[in-house]
Amino acid sequence: MKYLYYPGCSLKSTGKPYEESLKAVFSALEVPLEELKDWNCCGATAYMAVNEVKSFALSARNLALAEKQGEPAENGMVQLVAPCSACYAGMLKAQRYLAENEEIRKRVERGLSDASLSYAGKVQVRHPLDVMVNDIGLEKIKGAVKSPLGSKVACYYGCQIVRPYATFDDQASPFALDTLMEAIGAAPLDWAMKTRCCGGTFVATIREVGLRLNYLILKEAQRKGADLVATTCPLCQFGLECFQHEVNSAFRGDIRMPVAYFTQMVGLSFGIPEKELGLQRLFVPYKKASIGG
Amino acid sequence: MRSPTPAPYSPSGAAERPSLLYEVRKVLKYESELNPEFGREVARKAHGENLFACIQCGTCSGTCPVSHYMDYAPRRIIAMVREGFEDEVLTSSTIWLCASCYQCTVDCPKQIKLTDIMYALKQIAIAKHLYPKKFAVPIMAEEFYRGVAKNGRNNEGMMMVNIARKTSLLNLFKYSRLGMKLFTTGRVALRQEGIEHKEQLRTLLRGVERAEEEAR
């Protein structure tokens, strides 16, 4: 089955290692991933704060393009993979409102038809974690593992991947990432911060609050004895890792916690070279060798 | 004997809780000073969201990861919206501190979509320019909105620089270390990324706008 890939803005800049490792892992698993042509920004949370219907329209254009470019899977739906939680949640929300709210649907359809586009609702938005665990399957992934990781990992899902429109996993206590980490030989920790909000862009806007939310998550991972935090979202990764220096100075902390994308970890266990997984781009180095395994 | 001065509030060894954006104001209001239409306006804007079903249980406030930074926690905001405390709500820090993590929406026993209500309040406040000057959250939202409408994509680096320009240049200095690090690790896009069919996107957004105007 072929998947269309919607990178979103982050995976082309701060989230580059996510894109690199995602592509490397999918190619190692021989699952084709084709980038959506001429995709636009999903609107994220900022667009919704100014004009919600227009933010749905942004998603609708991407969905319309995907419907045109992709081939439907067995269930008749084009599979569109969105690795960034904000894009994933944004598109799912747009789909929900387009399906349930006639007023919104009419407005968005008017815009689509003006722009000579159409969307018939035949796109299924998927997170790569969902695809890996539920489509590709843990058995196939286990089979591809060359060197099990053996590190203690705090699985951090973030907020938008599980709430409230997501189509897989539990909203309060998700486990997909834990099972995947087990499959590659890592030991997922039991901790309470799995879906606690990191504050997203607050690190850049309301600094005190943003740093504090990130501190709470990092500190708890440290207390639980984690070797690293595994993330599924570029915004969470950016806050938790790139602002760790700022978090430490604001809270007199001594945290030095690698924060890696789950795809980077899967790639490492497959024996994919570190450079192809973008590991050299991390601020806090995560090397398999340094933590055993 | 004098009792020792209590230490300042210090969660987990952190610095004293900062007074953030506004002082908490306690005002008495007469019923005639309230806007009874406000609740319905917000409900409409939030797609008919039934905030009048709220039983004031406080689950939203308890579950919100940032409620202790807010001047009015979410439960109070809902109560104030439906009673018509328009000015207080629209100038509150609450609406900007909502990071839309949807925890309250998921947990609300009456299935009220609080996150959508917060979005509706942000939209009204931005349209009325009811936020403090140089306050970064709405400035970021507007920067983002303009950039995407123009180019179809957002450039994270440029956005950070523009926010600093419009809030405090000191921020540029604060983030210079981070910027350098992102640059050396190849995690910043230097040129403005844009889509190929910008005109198509603009036509789409104009179409939505026209449909909105006609509906009014």
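This briefing covers the chain contacts, domains, helices, sheet and loops of the structure above.

This is a predicted model: local features need pLDDT of at least 70, side-chain atom pairs count only at pLDDT 80 or more, and totals for chains, interfaces and linings use all residues. Residues are numbered from 1 along each chain as its sequence is written, while chains are lettered from A and ligands numbered from 1 in the order in which they are written.

**Confidence**

- pLDDT is the predictor's confidence in each residue, from 0 to 100.
- Chain A has a mean pLDDT of 93. In chain A, 98% of residues reach 70 or more.
- Residues 289-293 of chain A stay under 50 in pLDDT. For this stretch the model has 10 contacts beyond four places in sequence.

**Where chain B meets chain A**

- Two residues are in contact if their C-beta atoms, placed from the backbone, lie within 7 Å.
- On that basis, 57 residues of chain A are in contact with 58 residues of chain B.
- Six helices of chain B each supply at least two residues of the side that touches chain A: H6 (103-107), H7 (114-127), H8 (136-151), H9 (156-166), H11 (176-184) and H12 (198-215).
- Helices (H or I, at least four residues) and strands (E, at least two) are DSSP runs, numbered from the N terminus.
- H12(B) gives the most to this side of chain B, with 10 residues.
- The side of chain B that touches chain A has 33 nonpolar, 15 polar and 10 charged residues.
- Here Ala, Val, Leu, Ile, Met, Phe, Trp, Tyr, Cys and Pro count as nonpolar, Asp, Glu, Lys and Arg as charged, and the others, Gly among them, as polar.

**Two domains in chain A**

- Chain A is assigned domain 1 (3-126) and domain 2 (141-291). Such bounds come from an automatic or database domain assignment.
- The centres of domain 1 and domain 2 of chain A, taken over C-alpha atoms, are 24 Å apart.
- In chain A, 23 residues of domain 1 are in contact with 26 residues of domain 2.
- Helix H1 (16-28) and H4 of chain A are the elements that give two or more residues to the side of domain 1 that touches domain 2.
- H1(A) gives the most to that side of domain 1, with nine residues.
- That side of domain 1 of chain A divides into 13 nonpolar, six polar and four charged residues.

- H5(A) covers residues 102-114. Its 13 residues reach 18 Å from first C-alpha to last, close to the 18 Å expected at 1.5 Å a residue.
- The expected span is 1.5 Å times one less than the number of residues in the helix.
- Which residues of H5(A) are buried? They are A:Ile104, A:Arg107, A:Val108, A:Arg110, A:Gly111 and A:Leu112.
- A residue is buried if 20 or more other C-beta atoms lie within 10 Å of its own, exposed if 12 or fewer, and partly exposed in between, with C-beta atoms placed from the backbone.
- The buried residues of H5(A) pack against H3 (52-69) and H4 (85-100) of chain A, together with H12 of chain B.
- H8(B) has 16 residues, which should span 22 Å at 1.5 Å a residue. Its end C-alpha atoms are 22 Å apart, which agrees.
- Buried residues of H8(B) include B:Met140, B:Phe144, B:Tyr145 and B:Val148.

**A parallel sheet in chain A**

- Four strands of chain A form an open sheet in the order S6-S5-S7-S8, with parallel pairing.
- Strands pair if DSSP finds at least two bridges between them.
- S6 and S8 (259-261) of chain A are the edge strands, and each pairs on one side only.
- S5(A) and S6(A) pair over two bridges. A:Val153 has A:Pro188 as its bridge partner in S6(A).
- S7(A) and S8(A) pair over three bridges. A:Ala230 has A:Ala260 as its bridge partner in S8(A).
- Four of the five residues of S5(A) are buried, so S5(A) is largely enclosed by the rest of the structure.

- Most residues other than glycine have a negative phi, and most peptide bonds are trans.
- A:Arg163 and A:Pro164 are joined by a cis peptide bond, with omega about -25°. A:Pro164 lies in the loop between S5 and H7 (176-183) of chain A.
- A:Ser116 has a positive phi, near 55°. A:Ser116 lies in the loop between H5 and S4 (123-126) of chain A.
- A:Ser116 counts as exposed because it has 10 C-beta neighbours inside 10 Å.
- A:Asp169 has a positive phi, near 70°. A:Asp169 lies in the loop between S5 and H7 of chain A.
- A:Asp169 counts as partly exposed, with 19 C-beta neighbours inside 10 Å.
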